Amino acid sequence: MKAKKVVIIGSGLGALSTALRLTTAGCRDITILEKYHQAGGRLNELRSEGFTFDMGPSFFSMSYEFDELFRSCNMPNPLQFRKLDPLYTVHFAGSDKRYSVTTDLQQLAREFAEIEPDFLSKVEKYLRNAGAIFHDTEEIVIKSNFDSRLEYLLSLARVPWKHAPRMFRTMWADLDKSFDAHEVKVILSLVAFFLGATPFDTPAVYKLLSYTELKHDGYWNIEGGMYRITEKIQEELLRRGVRFVFNTEITSVRTEGTRAVFADTEGTEYPADIYIVNSDAAAFRGQVLKRKAFSEEKLDNMEWTLSPFTIYLGVRGKIPQLAHHNYFLGDNFRDYADKIFKMSVNPEKPYYYVNVSSRSNPGTAPEGCENLFILCPVPDLRYKPDWSDAEQLADTIISDLSARVNFDIKANIITRTVLTPADWQQRFNLYRGSGLGLAHGLNQVGGFRPRNKDEEFSNVYYVGASTTPGTGLPMVVIGSRLVSERIAKDFGTLPPSEQKEASLVSSLNSNTE
């Protein structure tokens, strides 16, 4: 690629991955601007009283996308992957039974033997179908750029029509046809929450997530904590001469013909040949570019993912009843799921996820202690703008968890930090505090998602959760490849090895199924 001045707005994984690809392509003048005081976006880290917490993602799937990233950027993978097995445990209110979810399907069948006697044959059939959806759409939908909605719709014609019914059936309806036990259906539906939605409003095509979870690649985390992803990529970018500017927020734009020039809150301009926006692709168009199609009213009418209510606890003592990843659910799953999106008050009996990273990374907590990261999905700020009761909800969750693991957590807290949707919005510009950006309904995927190339400015591109292909760490890494391909098409050619490596990786993974 010919030498170009590049400014990247935001420093999440999408920004870092794109910068890595562009430096490999020959760009030597790249500046990354970040509102927060350190890089990472949601893939960030919190430290307090000798404890270290991953603030956002605590595991990921499709680990080979990271391998592709580093290989295509001519560097060894600097991360030590750790495969999760069991993947997580699930606890239902009113029961002492703890279900341990594993990629060993025969072991999982034994786990569910009392409630779903024919589980093995049922889940193998379910996953065969889910795997077919994944492989039939991966290259066509997930790993492709679209210049128009028409182009996207035409590409869908290449997807086997046998999958069409699941575009209009919910994930829960599909599970209901496949399994009998309520607990099994609930556990297999939890993947919908990874999209920031519920299984009752998520299209059944997303059962492909169960395939990636239980059969294709499983779940992974990183030796030393998830923030090592941010740190290792940032270290490499600094070696390559990329500049980072923190505590800087882009808030305005000036037009030069068909080109944009962006400025920060102080009015300081950052001229560039190419801008890549890693802020929310929908909200940025509305709030900074003032596009009518992304006005506040229209943004609020879009479908957004649930917001995170997060608690970070450093606790004295060990809690053997907790695994690395744990889900604590109630006994009213359907009713809770129906209400959670639009509650204006805190739930009396919240559902939540608990990550104990000190189990696999002892250095994240002082000796004899645990670090607990608790995530409770809550409505975004459109429905619950007032979070003055945040500490009350945190106390409710901590008391419930203490009772269910038979350990007095509150009495042993050394450090406690609570972040509400308002905090997530303020720190990382998450629109209305939405945790994962735009939702993935059929009218907001593929060619219907905000494009990764701006509609008006010839020098503005996007990468991240709310543009193509969507949310999640591997999706954002794929997104960095897609936006790099767009830039290469407009400004120069990426090294030919990149596309060949991507095709090889896809082929190898398909051949191992």
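The model on display is a predicted one.

Next, select Phe-309 and display its surroundings. Leaving out residues up to four places away in sequence, Phe-309 touches Ile-374, Leu-375, Cys-376 and Val-378, then Trp-387, Ala-390, Leu-393, Ala-394 and Ile-397, and finally Val-418, Leu-419 and Thr-420.

Now turn to the open sheet. Its five strands follow the order β9-β2-β1-β12-β18 and pair in parallel. The edges are formed by β9 (243-245) and β18 (460-462); each has a single partner strand, so one side of each has no neighbour in the sheet. From one strand to the next, the twist averages 20 degrees.

Within this sheet, select residues 5-9 (strand β1) together with residues 29-33 (strand β2): the two strands pair in the parallel sense over five bridges. Ile-9 is found opposite Leu-33 of β2.

For an antiparallel pairing, move to residues 250-256 and 259-264. These are strands β10 and β11, joined over six bridges in the antiparallel sense. Select Arg-254 to find its bridge partner in β11, Val-261. Two residues lie between the strands of this hairpin, and Gly-257 adopts a positive phi near 65 degrees.

The last stop is Glu-111, located in helix α3, residues 105-111. Is Glu-111 buried or exposed? Its relative accessibility is 15%, and because buried means under 20%, Glu-111 counts as buried. Show the side chain of Glu-111 and the backbone nitrogen of Ser-100: the side chain reaches that nitrogen at 2.9 Å. Setting aside neighbours within four places in sequence, Glu-111 is in contact with Lys-97, Arg-98, Tyr-99 and Ser-100.

Definitions and conventions:
Residues are numbered from 1 along each chain as its sequence is written. This is a predicted model: local features need pLDDT of at least 70, side-chain atom pairs count only at pLDDT 80 or more; totals for chains, interfaces and linings use all residues. Side-chain values use heavy atoms; hydrogens and water are left out. Contact means heavy atoms within 4.5 Å. Two strands pair if DSSP finds at least two bridges between them. Helices (H or I, at least four residues) and strands (E, at least two) are DSSP runs, numbered from the N terminus. Axes are lines fitted to C-alpha atoms, for helices over the stretch in contact, and angles run from 0 to 180 degrees between N-to-C directions. Buried means under 20% relative accessible area, exposed over 50%, partly exposed in between (1.4 Å probe, protein chains only). A polar contact is a pair of N or O atoms within 3.5 Å; within protein, one must be able to donate a hydrogen and the other to accept it, and residues adjacent in sequence count only if both atoms are side-chain atoms.
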